[in-house]
Amino acid sequence: MSIFQELTNRDQVFEFLAPVQSPVDVRHGPILYMEDVSVSFDGFKAINNLNLTIDDGELRCIIGPNGAGKTTMMDIITGKTRPDTGSVWFGSRHNLLTMNEPDIATLGIGRKFQKPTVFEALTVFENLELAMATDKRIFPTLTATMKPEYRERIEEVLEMIGLKDLRNAPAGILSHGQKQWLEIGMLLMQKPRLLLVDEPVAGMTEQEMERTAELLTSLAGKQSVVVVEHDMGFVRSIARKVTVLHQGSVLAEGSMDEVSNDPEVVKVYLGEEA
Amino acid sequence: MWLTRPLQERSTQIFLGVLFGALVIVSALHLFMPQDSALYVSSYTVTLLGKYLCYALLAVAVDLVWGYLGILSLGHGAFFALGGYAMGMYLMRQIGDRGVYGDPVLPDFMVFLNWQELPWYWAGFDMAWFAFIMVLLAPGILALVFGFLAFRSRVTGVYLSIITQALTFALMLAFFRNEMGFGGNNGLTDFKDILGFDLRTDATRLGLFLATGIALAIGYVICRGIVTSKLGRVSVACRDAEARTRFIGYRVERVQLFVFVVSAMLAGVAGALYVPQVGIINPSEFSPLFSIEVVVWVALGGRATLYGAVIGALLVNYAKTVFTGIMPDAWLFALGGLFVLVTVFLPKGIAGLMSRRSKKDDTDTPSAQEATA
């Protein structure tokens, strides 16, 4: 009876007819759901039956030796690479495999690449302004004005990434670490639901690493954050849950301690460091 | 409003002040000084200055795409010439039966080629409004089609420069052909009047000079408006990190296309104002060399400043007039030498030399100090 009522409810569209830009549905917990994903390049299986679930608001670290498929995994999530088999869902409503890169970005998946790329000729403030989640078509951009709520949002992010005093400096003069933070800030301006961060502390000083760890842990909860990192010390300092990738599939998953005591993991990865 | 924002800016106010001041002074000297006075500006000079201002507008258009969007167009002469041809066609139709052959409809060159009727694409050019719209549309549509294909395929950098060069060269070869119906080799010339004013009178020449000055002012404000808007910052972002711009959600190819088309239209207007002042338009305006010269003006003046492009265009063309008067054969060497010297010693051009002094003053500002800390 209740089903019948739901179907006759005229002020609601059936779920399967709803437009794709409908909000991300995380009522069931996971924000990202990858099942049995495989992809091969010229016969080489880069991803092999990968199953991965990221919960809403979670901070997850992904580690694994070179060639374990970490970057390919990110490529699949952001729509750059299409898997041969498997399914990838964002929330329980959006099938990422049917969407292109800009659409996935607008939906709320932000990705930071290994090498920091910011707009060096523009100031820190302007960098954040451009990244802001607004209408990005030509004429709205041409006539755009700086509204107080935009300014507030930018100030908020400036505070978060610790570049408040540098807001009018051209991004080109920032240090490597500051550029990384600015880039994370630019992702935050897009109000993403899920942040994919590739090696955020590569080339950072000890101090900068600490700041980055603080930044990423403060983001978790509001956003889901997936960090791919090689630096074990850094991973230990932020991780609540770690996934170890090996040869394109999940080798182990759990807290840092559980994972580092797993004999399999020690053999393929941590062993190299010991 | 994006178009009025530049008017509140100090640099634009100075630019417009200097430009309008110059227009007023030149007009006053031309009109009120006795002819034998040393300060008298002859009608020849007025037209020469008008020609320089056309070049300045073209240089601003090139600086918009090169300086702020990173697209080095080596074919902007094509848009300039198309605007010029649209204006030339209108002027040809204005001749009416005063041509050598006295045909009331057909321009002289068509009578000479034994054509019986006007080709379809000449229809409408007897009406000024239609011709003036075509001045914008012809270069605009070419830029739209060309840009759409190039930017969609993500052609950038040197490859794009080469294609633009090929574009203008191809158009030059096409316009050289008599069958095209644009006067072939000789182009369009022997104009009589524009909007009912006789082109040979001093008053019309002064009017054209002033119109060019106003067009330059409007063009400058439009470019400045784009550059200072958020879209301008997005263009700079496309110039410096195209992939990143795409990744934060902008359609890079559309930004490029929009700015490119605006720039082409401005170049078209410059060409349209150029033709009645020099009295001829022929395929040599399509020559690749001319387009490269425009780029040299912008480089000399200073890229990505807009006013630098104006300074560069005026200075180089003044130098050209002087040099080609003294020793015509040495001009290209002088231009080449100047270009080499500026790129080596003044990478930011003449404008860079000017802003270096003002930069020195604000190195003490807090943001700069923090930046170095």
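# Briefing on a predicted model of chains A and B

Chain B averages a pLDDT of 90, and 95% of the residues score at least 70; pLDDT is the predictor's confidence in each residue, from 0 to 100. This is a predicted model, in which local features need pLDDT of at least 70, side-chain atom pairs count only at pLDDT 80 or more, and totals for chains, interfaces and linings use all residues. Residues are numbered from 1 along each chain as its sequence is written, while chains are lettered from A and ligands numbered from 1 in the order in which they are written. The model scores ipTM 0.83 and pTM 0.85.

**Confidence at the end of chain B**

- Over residues 360-373 of chain B, the pLDDT is below 50.
- Beyond near neighbours in sequence, this stretch has 10 contacts in the model; two residues are in contact if their C-beta atoms, placed from the backbone, lie within 7 Å.
- Where pLDDT is low, the predicted coordinates should not be read in detail.

**Overall form of chain B**

- Chain B contains 15 helices and 4 strands; helices (H or I, at least four residues) and strands (E, at least two) are DSSP runs, numbered from the N terminus.
- The C-alpha trace of chain B spans about 80 × 55 × 45 Å along its principal axes.
- Of the 373 residues of chain B, 44% count as buried. A residue is buried if 20 or more other C-beta atoms lie within 10 Å of its own, exposed if 12 or fewer, and partly exposed in between, with C-beta atoms placed from the backbone.
- Among contacts in chain B with a separation of 6 or more, 78% join residues 24 or more positions apart.

**A glycine in a loop of chain B**

- B:Gly124 lies in the loop between helix H4 (108-112) and helix H5 (128-152) of chain B.
- B:Gly124 is partly exposed, because 15 other C-beta atoms lie within 10 Å.

**Where the chains meet**

- The contact takes 22 residues from chain B and 25 residues from chain A.
- On the side of chain B that touches chain A, the elements giving two or more residues are helices H8 (230-240), H9 (242-247), H10 (252-278) and H15 (366-372) of chain B.
- H8(B) provides the largest share of that side, 7 residues.

- Strand E3 (residues 59-63) of chain A pairs with E8(A) in the parallel sense over 4 bridges; two strands pair if DSSP finds at least two bridges between them.
- A:Arg60 stands opposite A:Val226 in E8(A).
- Strand E7 (residues 194-198) of chain A runs parallel to E8(A), joined by 5 bridges, and A:Val197 stands opposite A:Val227.

**An antiparallel sheet in chain A**

- An open sheet of 4 strands has the order E2-E1-E4-E5 (chain A), with antiparallel pairing.
- Its edge strands, E2 (44-55) and E5 (94-95) of chain A, each pair on one side only.
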